[in-house]
Amino acid sequence: MTSRDRLKIFCGSANLKLAREIADYIGVPLGAEKVSRFSDGEIEIGIKESVRGADAFIIQPMSAPINENIMELLILIDALKRASARSVNAVIPYYGYARQDRKTRARDPITAKLLADLITAAGASRIVAMDLHAGQIQGFFNIPFDHLTAIPILADYFKQKNITRGVVVSPDLGGLTRARELANRLGLPIAVIDKKRPAPNKAEVMNIIGKVKHKDAIMIDDIIDTSGTIILGAEALIEKGVRDVYACCSHPVFSGPALERLSAAPLVEIVYTNTIHVDESKLNSKFKALSVAPLIGEAIIRISEERSVSELFN
């Protein structure tokens, strides 16, 4: 039996469209399974084909409803492990609770670590994730962890726009490494917005570090959640003389009033990847989705064939 014959793709209900795209790229059908609910809301999962000796990959981002989707992932891992799969690989395009990766106040939980313990205890053999909010989350796992990034996909898209007088902007100091990587791929300078957070999901712009006047700005973040950070940043950049502002991210959480805010914001375009399912009927022409299916699909192929994943980003 070849490695491709052993490879099986399963998914929860969080992002079925992405799972189908990944399976199509690899050239295998999605595994036969049934995900349903008991009348009290408990999750019932049935694997409808043999996985004995298989390398099973589960596609399941931790997006809204996040706690439901996490439980689906854990139950799928357990079901495949108990069905004698050779390996159970959790492919998590968006890792939830990642912003709770450390104690910032007394008696805070470290929920990102708790999730890592739950996934490992469920029986995962390997984790594949994209653009973690905090890279050190990889260290919460004692199993192999492949960390993918959507920056090459975003860079290829913006290269097509031929932005000559551009600047890549990080909306905060913590995202400076991400902005520098995109800037290097585009051959553009960088700037950073100095901000403070008086409370979760609230931000205040303090200053802009870098030359932005008369330039086109590309703001990059890993997550756009309520969109407050991106919109405040765009407004501050325009006040400093920026011509056009583009926003891009890996994970379109788009919670609460985000879509309405972004639609009305002074942004030329909002570019995101499909790590999280977004209802496209609620979007206007300013929103542009890019697929990560080829990247994740190629990573899965390389893992199953025991080849290097890091070469994808060289």
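What share of the contacts in the protein chain with a separation of 6 or more comes from residues 24 or more positions apart? Such residues account for 62% of those contacts, a contact being heavy atoms within 4.5 Å. This is a predicted model, in which local features need pLDDT of at least 70, side-chain atom pairs count only at pLDDT 80 or more, and totals for chains, interfaces and linings use all residues. Residues are numbered from 1 along each chain as its sequence is written, and side-chain values use heavy atoms, with hydrogens and water left out.

**Overall form**

- The protein chain contains nine helices and 14 strands; these are DSSP runs numbered from the N terminus, with helices (H or I) of at least four residues and strands (E) of at least two.
- The radius of gyration is 20 Å, which agrees with the value near 20 Å for a compact globule of 314 residues; it is taken over C-alpha atoms, and the globule rule is 2.2 Å times the number of residues to the power 0.38.
- Along the principal axes, the C-alpha atoms fill a box of roughly 60 × 45 × 35 Å.

**Surface and burial**

- Of the 314 residues, 53% are buried, where buried means under 20% relative accessible area, exposed over 50%, and partly exposed in between (1.4 Å probe, protein chains only).
- The protein chain exposes about 14,500 Å², of which carbon and sulfur atoms supply 49%; the areas come from the Shrake-Rupley method with a 1.4 Å probe.

**Nonpolar cores**

- A nonpolar core is a set of buried Ala, Val, Leu, Ile, Met, Phe, Trp, Tyr and Cys residues joined through side-chain atoms within 4.5 Å.
- The largest nonpolar core has 35 residues, and Ile77, Tyr95, Ile119, Ile127, Ile137 and Phe141 touch the most other members.
- Elements that each supply at least two residues of this core include strand S3 (43-47), helix H3 (66-82) and helix H4 (111-122); H3 gives the most, with six residues.
- Leaving aside neighbours within four places in sequence, Ile77 is in contact with Ile58, Val88, Ala90, Ile119, Ala122, Gly123 and Ala124.
- A second, separate core of 29 residues includes Val167, Val169, Tyr272 and Phe287.

**Individual residues**

- Asp24, in helix H2 (residues 16-26), is exposed, with a relative accessible area of 62%.
- Asp24 and Gly297 are 273 residues apart in sequence, and their C-alpha atoms are 8.7 Å apart in space.
- Ser63, in the loop between S4 and H3, is buried, with a relative accessible area of 6%.
- Beyond its neighbours within four places in sequence, Ser63 is in contact with Ala14, Asn69, Tyr94 and Ile276.
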